[in-house]
Amino acid sequence: MSLTAKDKAVVKAFWGKIGGKADAIGQEALARMFIAYPQTKTYFAHWPDLSPGSESVKKHGKTVIGAITAAVEKMDDLIGGLSSLSDLHAFKLRVDPGNFKILSHNILVALAVNFPGDFTPEVHVSVDKFLAALSAALADKYR
Amino acid sequence: MVEWTEFERATIQDIFSKMDYESVGHNALTRCLVVYPWTQRYFGKFGNLYNAAAIAGNPLVAAHGAVVLHGLDKAVKNMDNIKATYAELSVLHSEKLHVDPDNFRLLADCLTIVVAGRLGNGFTADVQAAFQKFLAVVISALTKQYH
């Protein structure tokens, strides 16, 4: 399910609308994931505090959404563009790739909550495809 | 048997008591057909599903969205016995409609997104967890009679 020119345009336009709210979206998506999918917390046992308002969740949400925002500019070659992040996830973090789908879902929920008017079905499908392609690129080096 | 906390019961009753079934059903099914276009395979008789606008404007989609949401009502009213409540519907989806159960999750995800959009910040992480747990139980019951 490759990204069409239309998908890329839709994602770029929508991400432009998100603007400064990106960090909050990242934080919210992570917080939602930890509560709705508690098994995902197993990767963060080393954090002192996994609650929604914690510094760890805030900081990490910013890190993750920052990488996704950067990937918006790399849609023509996500596998190449995410190569070092894929190395990190494959060899160091070893996050089961099933979790990428879970986080993607929570990002979509955060977008729906914060941009109810803009997150139309057409935007939803393109963003979903983008996150899926990004997840595949992130899993590229796993085996 | 599924254990529900007081919070989960109250959350589900609250969400559905305030819901516009027709509108939410229409939007959820529309979103599902647009975001996961392969789900259109079950709606060959619905006429024009050519693009997002056509799907959104299609009265058969709107009507069927409402049917599905009203079907969910059975679970809302029988939270302690969802499995038995959906036995017949499960047979229907398997034997007559031949729906791949993976599709239940796709529609459930779209319903979650629509409800999230409607409730905004009221759709907290805890509310999301309760809502998704409810839908997961419904999906499990609907899948039960497949063989």
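How much space lies in the largest cavity? About 40 Å³ of space lies there. A cavity, found on a 1 Å grid over the protein atoms alone, is a set of points where a 1.4 Å probe fits but cannot get out, and lining residues have an atom within 4 Å of a point.

A quick word on the ground rules. This is a predicted model, where local features need pLDDT of at least 70 and side-chain atom pairs count only at pLDDT 80 or more, while totals for chains, interfaces and linings use all residues. Residues are numbered from 1 along each chain as its sequence is written, chains are lettered from A and ligands numbered from 1 in the order in which they are written, and side-chain values use heavy atoms, with hydrogens and water left out.

Back to the cavity. The structure holds 1 cavity of 30 Å³ or more. By class, the lining has 6 nonpolar, 2 polar and no charged residues. Ala, Val, Leu, Ile, Met, Phe, Trp, Tyr, Cys and Pro count as nonpolar, Asp, Glu, Lys and Arg as charged, and the others, Gly among them, as polar.

The angles run from 0 to 180 degrees between N-to-C directions, with axes fitted to C-alpha atoms over the stretch in contact.

| Helix pair | Angle | Axes |
|---|---|---|
| Helix 2 (residues 22–36) of chain A and helix 6 (residues 98–114) of chain A | about 120 degrees | 8 Å apart |
| Helix 1 (residues 5–18) of chain A and helix 3 of chain A | roughly 135 degrees | within 10 Å |

Helix 2 of chain A and helix 6 of chain A are therefore oblique to each other, and helix 1 of chain A is oblique to helix 3 of chain A. Angles under 35 degrees count as roughly parallel, over 145 as roughly antiparallel, 65 to 115 as roughly perpendicular and the rest as oblique.

Who touches whom? In helix 1 of chain A, V11(A), K12(A) and W15(A) meet I65(A), I68(A), T69(A) and V72(A) of helix 3 of chain A, where contact means heavy atoms within 4.5 Å. That contact has 5 nonpolar, 1 polar and 1 charged residues.

Technical notes
Helix = DSSP H or I, 4+ residues; strand = E, 2+ residues; numbered from the N terminus. 1 Å grid on protein atoms, 1.4 Å probe; cavity = no way out; pocket = protein on both sides within 12 Å on 5 of 7 lines; lining within 4 Å. Points joined across faces, edges and corners; volume = space filled by probe spheres on them.
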